[in-house]
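Hello,

Here is the structure we talked about passing on. Please have a look, then read the notes below.

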Amino acid sequence: MTETLTYGPPLDTDDSDCSSYDGFYFAEPLKREKRAPCVPPQQLLYEALMEGNLQLMREHIDALKFPVDGILPGGLTMLMSACREGHYEVAEYLVNELGANVNKHVDSKMPLMFACDCYANDAHVAEQLVRLLLSKRAVINVSDKYGITPFMLACRRGYTNVVRLLIDEISFDATDNQGCTPIFHAIENNHRDIVKILVDAGINTNLANNKGYTPKQVAEFHGFYDLLELLPPDPAPAYIVPNNYICYNTLRDHVPRIFLKTDCPEYFQELASILKTLEMSNMLEHFAKARISLAEFLIMDDKRLRDIGIKFPIYRNKILKGLLDFHLHHWSTKSIARVKKDGMDNFYEILMITANHLQHLVIIQASIRYVMQNQLNGKLGQPSEMQLSSLQSNLRAYRGVLDDLTKTVKYLGSFSPSQNLLYIDYNEVLAERKRRKFVYNARTFGAMLEPGIIKKLDEVVVNRIAAGEIIQRPANALKELLENSLDAKSSHIQVNVKSGGLKLLQIQDNGTGIRKEDLSIVCERFTTSKLSKFEDLTEIATFGFRGEALASISHVAHLSIQTKTASERCGYKATYADGKLLAPPKPCAGNQGTIITIEHLFYTMPQRRQALKSPAEEFQKISDVLAKYAVHNPHVGFVLRKQGDQPSIKTQACSSRTENIRAIYGAAVAKELMEFSHKDEMFKFELECQLTQVNYSAKKSTLLLFINHRLVESSALKTALDTVYATYLPRGQHPFVYMSLMLPPQNLDVNVHPTKHEVHFLYQDEIIERIKQQVEAKLLGSNSTRSFYKQLKLPGTVDLEATQPLDKTQRIYEKDMVRTDATEQKLEKFFKALEKTDSGLSSSSNETQSQEESFRVTAARKSKEVRLTSVLNMQQSVERQCQVSLRSIFKQLVYVGCVDERHALFQHETRLYMCDTFALSEELYYQRLIYEFQNCPEVRVVPPLPLQQLLLIALDSRAAGWVPEDGDKTELADNAVAILQEMAPLMREYFSLRISEQGCLESLPALLPQHVPSRAQLPVYLLRLATEVEWSEETQCFETFCRETARYYAQLDWQDDGDMRSQHWYMEHVLFPGFKKYLLPPARLKKHLYELTSLPTLYKVFERC
């Protein structure tokens, strides 16, 4: 039983302006029953335990006969509560006298976790509790549902002695659900002693968490610079394990004294397979560095493992346990390779069997040595009589096999020189084979080395391969046929399905039909009525254009077509196979339109048929395809039914899109729909969209995307929509979105994928960004009215809130919350209102009369590729110097307000920063010049300004620093004009800075949308271009030009009359969006950021007030 509550301002308010209201109310007050207070007996026991009153606890336990591992009202066992509160005497009584289970699980937590996270903040008590639990064999390497281990909790609390107590038994590579190792928990809580212990123990300080941050970056982010001194420097290049420790490269790796006179092979390659079985593959490099052979590896002890560099006891114990299991593993004579009677002359087989037995002997020798060493030490018990009998039996059988092998080796030894009995002359073996009538078939051997003959595939094979690419499942076939019916101007389409479309898939429409003369070639490849030449693809307005759909279907299924046109007196029916007409079309009765029947789909491809999912799932995919087309084409009636059943989907012709969504996807979706449209003149696209409000959410994302009426998929657009809705919907919930995008045909490439479910179009990233902005604007403020549901209690039910425990690990304090409400306030609200003012400057992006021209210019500009090595090196230098932590701050910043002409405030998570906007914007414009090299748009100067006058103005200014000794100003201006006109082609080609032949400035580069450079600083900028840029050397020329231009663009025209509205608007809507999107901040910019305060700091102050 639920009750709807409304979020919004009170209904009885007299103030019509509710913008300042920030809260919610219940439309009707909730009625609660008053109950007499009743304290259950377990509550008294729980309170005594929380106070640490052991005597009172004993009395309650005896009176209640409460089980020692029972759950108290707090949701924990008595032992867990005692460990959490730091009552050692109580815990000792529960463990030693009552026998409490130290490994009891409650919601994935154990007593040892509470001991390591003791609330008493007493390191000595925590150590006592941990020692008590460890004495009763408490499990150490265990984690809760968040991946937190007891050792991590001890590192987080700062219990140094507990860390030392557990450090030899834990895995340093263990991570929580956030990917953090124990050292992250120590660093985040600034526990210097524990960080030093972990580093000295050899913990890996270079493992990054799930967000990509290393322990060093976390310490630097929190400002714990003293911890950075403890962390080791960046690691040396990773050690690469030699190839001979991974696989056998040649026959010499496991066959002795055959090709080289060496000792027994060392079998390095076997170590990798054994360690992989033990799940210790990451330890292989230690054995490779020490060149440990198989024989040495099988008898290693703890001291030897420590000597080769395996520091952690848990890793050494795991390897030693694996070696013990390996040696005690039972083996039988069936695993021994024997020499076949007909293989006495097979040289290669004899070599391999010899190598196999030699490896067995090495393992047996190692096992005997291992057993002797460990029995002397008392680590192995006495073997049973059955084990000894089995071992003797296997060894006797092995001896018989070796005797047979010895005879074979002696036979081969007759062809060997006397100095090396195992060095065999293969030529003599071949000669002996000939003498014994074993003639080598050289002709067969030669045929094996001949290259294969390249042949042209049969046409049927080619067509079936192509058909498998286009028709991948029944839903693909239906999509092709639906598009053909829509191209035929059908107003009603009916689909019948049997066994998910594998046995039968029939589509019937009332379209224009197919002419009788065309039936003979309709199923041949590349036959279509919609395309005549390749250039037609640029203006294609139909779904089909390749003429492959029916041809592909006929190669993988039994296909029949029944059709009738308006001009013909009767219909005709034809059947096809492999793209060919099987018999002349037969006349038949029928209505206008076409019926296409597909039977036994993929009968020629049994592997494809078996790989498909169940018929029910295939029918669901068919239903999904037809539902999307039914929504997009409300003027057409659609019917989908399983053969013999009622229609699964049915829509009426001449319906509306909203009604079809209601009929197919349900009323819950339809009632929450918002509809809007948008037309963009810049990128030449039109958008129609219906999307759900924030009240609706579903676990499955539903996106119906049509581009030029073609059903397609776009992962980039889907990600952008999910990003917008993530602000409003709970995690894991998704919206319903229908979107129809219309583009000029010449901007769209439909011939990308065989199934045509992907398309490419010009300005894809920019168009998606515009769509994202439109959706954000539509959803903005949708939180003002939302519906919430509250569960009402039936009469007589128990108050769950009083009986169920509150999970304290889930609590989030207000000081840790980041404000993300849609009504978040900026600094300007407390001052006078801001309005955007017209700058009065001319920009090509703002002029409506040049929109068509700018679209063409932009299209040509985007095609230029930077190939200059100097510019590419500058781009790489910027990317190398980018600091990840600073980039994260700028990417997620929230603008707060402007302080003065050089400083502004912004928020990142729970911290408030003040930044030097001049320094940041100078770096931003420098990077934009580098990355927009040869592709800069323009800001036109209307009318063009003469350089001579501008330079004279600059020389008269104080910034020029002119003195009479420098010479005549007119002469200096003429020299500067000459330099700029000489370099005008370079500046026009690379930076869009245009200077006419008459010496007039015509345009400047446009580096950010809606940004116009300072007019007051323009003369000085041109003077510095002529005097400060190093024009003679390429790299220095580009570097100095970009720096001077960036310094000029970073300066603003601040008004002297105190009206700074345009500058404030520029910072909020131009500059800071540029920081978020483009800036790759180097480390030197950190000195221009000032952390003013944070929410935790403010709560410490104001909570006392």
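**What was found**

Start with helix H24: its buried residues are Ala549, Leu550, Ala551, Ser552, Ile553, Ser554, His555 and Val556. That is eight of the eight residues in H24, which spans residues 549-556, so the helix is largely enclosed by the rest of the structure. Keep in mind that this is a predicted model.

**The chain as a whole**

The chain has 1105 residues, and 42% of them are buried. Its secondary structure comes to 42 helices and 25 strands. The chain exposes about 61,300 Å². Carbon and sulfur atoms supply 52% of that area.

**H3, H4 and H6**

H3 covers residues 78-85. H4 covers residues 88-97, and H6 covers residues 123-135.

H3 and H4 pack at an angle of about 155°, with their axes 8 Å apart. An angle over 145 degrees counts as roughly antiparallel, so H3 is roughly antiparallel to H4. The crossing of H3 with H4 is left-handed. From H3, the contact uses Met78, Leu79 and Ala82. From H4, Val90, Ala91, Leu94 and Val95 take part. By class, this contact has seven nonpolar residues, no polar and no charged ones.

How are H4 and H6 oriented to each other? Their packing angle is about 5°, and their axes are 10 Å apart. H4 and H6 are therefore roughly parallel. On the H4 side, Tyr88, Ala91, Glu92, Val95 and Asn96 make the contact. The classes here are five nonpolar, two polar and one charged.

**H36 and H37**

H36 contributes Leu947, Gln948, Leu951, Leu952, Leu955 and Asp956. H37 contributes Lys969, Thr970, Leu972, Ala973, Asp974, Ala976, Val977 and Leu980. The residues of this contact divide into nine nonpolar, two polar and three charged.

An α-helix has 3.6 residues a turn, so residues three or four places apart point the same way.

**Two single residues**

Is lysine 628 buried or exposed? Lysine 628 lies in helix H26, residues 615-632. The cut-off for buried is under 20% relative accessible area. Lysine 628 has 16% relative accessibility, so it counts as buried. Leave aside its neighbours within four places in sequence. Lysine 628 is then in contact with Tyr665, Leu703, Leu704, Phe706 and Leu711.

Leucine 905 is in strand E20, residues 903-908. Leucine 905 has a relative accessible area of 12% and is buried. Leucine 905 and leucine 893 are 12 residues apart in sequence. In space, leucine 905 and leucine 893 are 10.0 Å apart, C-alpha to C-alpha.

Best wishes

How values were computed
Residues numbered from 1 in each chain as written. Predicted model: local features only at pLDDT ≥ 70, side-chain atom pairs only at ≥ 80, totals over all residues. Heavy atoms only, no water. Helix = DSSP H or I, 4+ residues; strand = E, 2+ residues; numbered from the N terminus. Buried < 20%, exposed > 50% of the residue type's maximum accessible area, 1.4 Å probe, protein only. Areas by Shrake-Rupley, 256 points an atom, 1.4 Å probe, with all protein chains shown as cover. Contact = heavy atoms within 4.5 Å. Nonpolar A, V, L, I, M, F, W, Y, C, P; charged D, E, K, R; others polar. Axes fitted to C-alpha atoms, helices over the stretch in contact; angles between N-to-C directions. Parallel < 35°, antiparallel > 145°, perpendicular 65-115°, else oblique. Left-handed = near helix turned anticlockwise from the far one by under 90°.
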